[in-house]
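Reader: I'd like a close look at a single part of this one. Could you walk me through how a pair of helices packs, then move on to the sheet?

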Amino acid sequence: MSRRQFESLDRFYPRYGVADEPVDFPSIFGNDRPVVLEIGSGMGDATVQMARADQQHNYLAIEVHPPGIANLMALADEQEVTNLRIYNGDAVTFVAERIPADCLAAIHVFFPDPWPKAKHHKRRLIQSPHIPLLRSRLMPGGVLRCATDWREYAEAMLEDLTADEQLVNCHDGFAPRSSVRPITKFEQRGIEAGRIISDLEFRRKSVT
């Protein structure tokens with residue numbers, strides 16, 4: 001990491017960081033606004049833009065890459081974003097052990113690692129073994145939004161999400177590009193390389 005990134009971690013994690021313990025969202029954010037979970041915030045540019053533009057929700061970002069965490073916190077401080085908190089660690093473990101069921105307004109998984117080799121597909125986040133866990137953390141009516149520039153992964157996600165009987169596709173197949181998702185440098189490079197960007201949007205069924 002750069003010196004600036006080390007300084008950002010040291011300075012801002014006490015303000016923005018979330019401890020590895022069961023979360024109490026009203027305590028963490030100081031209010032009871034609904035929460036959006038952002039898994040894989042990367043360098044944080046898009047996450048900060050989304051949180052700043054959406055003051056009706058709180059945002060919790062999960063990222064494993066320390067330079068990305070540092071950059072995200074520095075951006076949040078520079079832009080005075082107050083409705084954002086960050087956890088540095090494994091998303092599946094944190095969601096399973098630290099986030100209660102039925103509490104999230106939305107989950108965003110934008111451009112996760114596609115693990116393109118067949119022998120690595122088991123490491124993908126959006127796949128059958130993980131979908132029930134993610135869906136269970138959504139409140140009834142909550143939305144799971146995904147995006148990828150890897151077409152084979154997009155088709156696999158669509159198949160696996162459709163197979164979950166407690167999720168409903170908000171569109172006929174793939175979704176239009178989500179209006180909540182800013183175009184990142186990563187996405188722009190994919191577009192310039194000729195890769196197709198695929199969005200998906202599924203809603204958890206409401207309790208009847």
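At what angle do helix α1 and helix α4 pack, and how far apart are their axes?

Author: Quick ground rules: this is a predicted model, where local features need pLDDT of at least 70, side-chain atom pairs count only at pLDDT 80 or more, and totals for chains, interfaces and linings use all residues. Residues are numbered from 1 along each chain as its sequence is written, and side-chain values use heavy atoms, leaving out hydrogens and water.

Now the pair: α1 (residues 3-16) and α4 (residues 66-78) pack at about 65°, axes 8 Å apart. Helices here are DSSP runs of H or I with at least four residues, strands runs of E with at least two, numbered from the N terminus. Axes are lines fitted to C-alpha atoms, for helices over the stretch in contact, and angles run from 0 to 180 degrees between N-to-C directions. So α1 and α4 are roughly perpendicular to each other (that label covers 65 to 115 degrees).

Who touches whom? In α1, the residues include Leu-9, Phe-12 and Tyr-16, and they meet a set in α4 including Ile-69, Met-73 and Ala-74; contact means heavy atoms within 4.5 Å.

On to the sheet: it's open, with seven strands in the order β3-β2-β1-β4-β5-β7-β6 and mixed pairing. Two strands pair if DSSP finds at least two bridges between them. β3 (84-88) and β6 (167-169) stand at the edges with a single partner strand each, so one side of each lacks a neighbour in the sheet. Strand-to-strand twist averages 20°. Further in, β4 (residues 104-110) and β5 (residues 138-148) run parallel, joined by six bridges, and His-108 sits opposite Arg-145 in β5.

Terms used
Parallel < 35°, antiparallel > 145°, perpendicular 65-115°, else oblique.
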